[in-house]
Amino acid sequence: MADARKIVFTGAAGGVGTMTRPLLAKLYPGLVLSDRVKPKDLLASESFVAADLTKPDEIAALVKGADSVIHLGGHSVEGSWDQILQANIIGCYNLFEAARQAGVKRVIFASSNHAVGFYPRKRKIRTDVTVRPDSRYGVSKAFGEALGALYADKHGMAVTCLRIGNVGPRPLDVRRLSIWISPEDIVQLFRIGLEHPNIRFDILYGASDNEASWWDNSRARQLGYRPTGKAEDHRAHAEAEQAKIRPDPVGDLFQGGTFCSAEFTNDVKRAGP
Ligand code: 15L
């Protein structure tokens, strides 16, 4: 039976949107997808509203009457300051503000591991560490988390920020053995954000059950998260792919990898906590 709630899913045409849509369609028939361009393969149970995050009127029309929003929209990698500013800073503000005005109760915000990318790989971190972004993109994700906290504390919105590692069918390289998440597991986290009665403001790591994890995800487990993906099952593939990549003297030390080494001009001993 269709969920009576209107649930909006931004960034539906992007990589994570494309991987999770078929799973979400089964759980939430009636899901309202949004992006700037319509996905070609719209299912009968999905509807689509085109909207540009930088246009407040379009976002207001999108979230009107919505109960919840899964916000994946925006620029999903490092970009120029203007790209990040428009899509991830102004766009994220427009989304939260339109959601508040429309009385949206829950927002799931796609944050990223790059909000904390300058933590060394040898350190296991919890979700309450100081942010250490590794890029303008990472800064925008820290900004989105801060906005989420503001709307939760000031307006009572139930906000779940997912510091997503890397979503895909399997880990792409050795770094991803620590941060990989399967599409099924990220959908579990979306469901927690959409349904768990105890959410006020939470930051959770978007990672599967990875033996080599750098993250303490005990809060997610407390909320019922039971990941089924195990990066170790794909170690041989990840190592074979890693062998094709040149060593990165900066990126290989830090959790954010190449996002840390890009544009890096510091002495490596002075970087990270
Ligand atoms: C991210 O935040 C990006 O959206 C994704 O494209 C990957 O680069 C991922 O992080 C990663 O760290 O592997």
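**Core, sheet and ligand site**

Student: Which residues does Ile-70 touch, not counting residues up to four places away in sequence?
Tutor: This is a predicted model: local features need pLDDT of at least 70, side-chain atom pairs count only at pLDDT 80 or more, and totals for chains, interfaces and linings use all residues. Residues are numbered from 1 along each chain as its sequence is written, and side-chain values use heavy atoms, with hydrogens and water left out. Contact means heavy atoms within 4.5 Å. On that basis, Ile-70 touches Val-8, Phe-9, Thr-10, Leu-24, Ile-108, Phe-190 and Leu-194.

Student: Which residues touch the most other members of the largest nonpolar core?
Tutor: A nonpolar core is a set of buried Ala, Val, Leu, Ile, Met, Phe, Trp, Tyr and Cys residues joined through side-chain atoms within 4.5 Å. Buried means under 20% relative accessible area, exposed over 50%, partly exposed in between (1.4 Å probe, protein chains only). Among the 28 residues of the largest core, the ones touching the most other members are Phe-9, Leu-24, Ile-70, Leu-189 and Phe-190.

Student: Which element supplies the largest share of this core?
Tutor: Helices (H or I, at least four residues) and strands (E, at least two) are DSSP runs, numbered from the N terminus. Strands E1 (7-10), E5 (106-112) and E6 (158-164) and helix H6 (183-195) each give at least two residues. The largest share, six residues, comes from H6.

Student: How many residues are in the second, separate core?
Tutor: Ala-51, Leu-62, Phe-96 and Ala-152 are among its members. The size of this second core is 24 residues.

Student: Which residue stands opposite Thr-10?
Tutor: E1 pairs with E4 (68-71) in the parallel sense, over four bridges. In E4, the residue facing Thr-10 is His-71.

Student: How far is the ligand oxygen from the side chain of Arg-175?
Tutor: Residues around the ligand (a heavy atom within 4 Å) include Ser-76, Asn-166 and Arg-175. A backbone N or O atom of Ser-76 lies 2.5 Å from a ligand oxygen, and a polar side-chain atom of Asn-166 lies 3.2 Å from one. For an N or O atom in the Arg-175 side chain, the distance is 2.7 Å.

Student: Is Asp-67 buried or exposed?
Tutor: Asp-67 sits in the loop between helix H2 (56-63) and E4. Arg-5, Lys-6, Val-104, Lys-105 and Arg-106 touch Asp-67, not counting residues up to four places away in sequence. Its relative accessible area is 14%, so Asp-67 is buried.

Student: Is Pro-169 buried or exposed?
Tutor: Pro-169 lies in the loop between strand E7 (166-167) and helix H5 (174-179). Leaving aside neighbours within four places in sequence, Pro-169 contacts Met-19, Trp-180 and His-234. Its relative accessible area is 67%, so Pro-169 is exposed.

Definitions and conventions
Pairing = 2+ DSSP bridges. Polar contact = N/O pair within 3.5 Å; in protein donor to acceptor, adjacent residues only side chain to side chain.
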